[in-house]
Amino acid sequence: PLSEFYAVESFWVPNVVSESDFRISFTTLKVHGTTAVTLCLKNWAIGIPPGKYYGFNKSANRILGILGPKAFPIHHHFDDEKVHGQGVGTSKTIADVCSAIPYELGIIDGLTTVHRASLAQKAKMVVKHSNLMLASYDMVAVDSVATRVMGFDPNKILHIYLSEKKGLGTMDSNKIDVIGPSIKDVEMQCNPEPSQKGIMIT
């Protein structure tokens with residue numbers, strides 16, 4: 001159960017996750033159709049709720065869980081409300097799951113970055129060799145830095161914004177110590193879905 005929530009009042013979670021001493025969200029650097037980016041926060045929120053109850057979404061094959069299609073907006077498309085092309089229900093659910101069962105360390109494998117070749121409607125996904133690794137004990141900071149590296153404004157990524165509002169970490173670049181190359185040294189221009197072009201910094 002969640003005492004304070006945006007969209008999910010309670011949800012099932014495996015004992016192996018809830019009883020762990022140290023949890024790690026390990027993911028890739030990638031754009032996403034529903035949430036603009038898929039980094040540590042989204043990876044965790046999709047990864048730990050059991051498919052038995054909430055369903056699976058693997059390679060575009062959606063399999064219902066026993067609680068039905070509306071139990072969890074992450075796995076099923078009924079996000080009618082959009083902000084900058086992002087599903088509001090899904091974004092709220094990500095923030096709720098991450099606040100209920102947080103992880104201690106977020107790691108992003110940015111050796112490659114997956115994004116769209118252009119802002120055209122049917123642009124294919126391309127893989128860019130970016131040669132990066134990002135990690136932080138702050139759940140929001142690592143996604144925020146990764147988002148800026150990709151050329152996006154984290155304040156316009158709804159699930160990152162909502163997670164900060166829940167107190168899960170900071171997006172404030174003045175409060176984030178970047179060790180190693182600066183964001184400016186490694187930033188690139190990635191392309192999101194055409195409907196999400198408002199998230200782009202330039």
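G151, which has a positive phi near 90°, follows helix 5. Helices (H or I, at least four residues) and strands (E, at least two) are DSSP runs numbered from the N terminus. The model is predicted, so local features need pLDDT of at least 70 and side-chain atom pairs count only at pLDDT 80 or more, while totals for chains, interfaces and linings use all residues. Residues are numbered from 1 along each chain as its sequence is written, and side-chain values use heavy atoms, with hydrogens and water left out.

Buried means under 20% relative accessible area, against over 50% for exposed and in between for partly exposed, with a 1.4 Å probe and protein chains only. The buried residues of helix 5 include D143 and R148 as well as M139, V140 and V142. At the N-terminal end, D138 caps helix 5, with a side-chain oxygen 2.9 Å from the backbone nitrogen of V140.

Helix 6 (residues 158–165) packs against helix 5: their axes come within 10 Å and cross at roughly 150°. Axes here are lines fitted to C-alpha atoms, for helices over the stretch in contact, and angles run from 0 to 180 degrees between N-to-C directions. Helix 5 and helix 6 are therefore roughly antiparallel; angles under 35 degrees count as roughly parallel, over 145 as roughly antiparallel, 65 to 115 as roughly perpendicular and the rest as oblique. From helix 5, V140, D143 and T147 meet I160, S163 and E164 of helix 6, where contact means heavy atoms within 4.5 Å.

Two strands pair if DSSP finds at least two bridges between them. Strands of a sheet pair through backbone hydrogen bonds, either parallel or antiparallel.

Strand 1 (residues 24–32) and strand 7 run parallel and are joined by 7 bridges; F26 has I107 in strand 7 as its bridge partner. Strand 7 (residues 105–116) is mostly covered, with 9 of its 12 residues buried. Strand 7 also pairs with strand 8 (residues 125–136), here in the antiparallel sense over 10 bridges, and G106 stands opposite S136 of strand 8. Between strand 1 and strand 2 there are 2 bridges, and these strands run antiparallel. V31 stands opposite V37 in strand 2.

T38 sits in the loop between strand 2 and helix 2. T38 counts as buried because its relative accessibility is 11%. Not counting residues up to four places away in sequence, T38 touches T27, T28, K30, V31 and H32. The T38 side chain also makes a polar contact with the side chain of K42, at 3.3 Å. Such a contact is a pair of N or O atoms within 3.5 Å; within protein, one must be able to donate a hydrogen and the other to accept it, and residues adjacent in sequence count only if both atoms are side-chain atoms.

K42 also takes part in the packing of helix 2 with helix 4, where L41, K42, W44 and A45 meet I94, V97 and C98. The axes of helix 2 and helix 4 (residues 88–100) are 9 Å apart, at an angle of about 80°. These two helices are therefore roughly perpendicular to each other.
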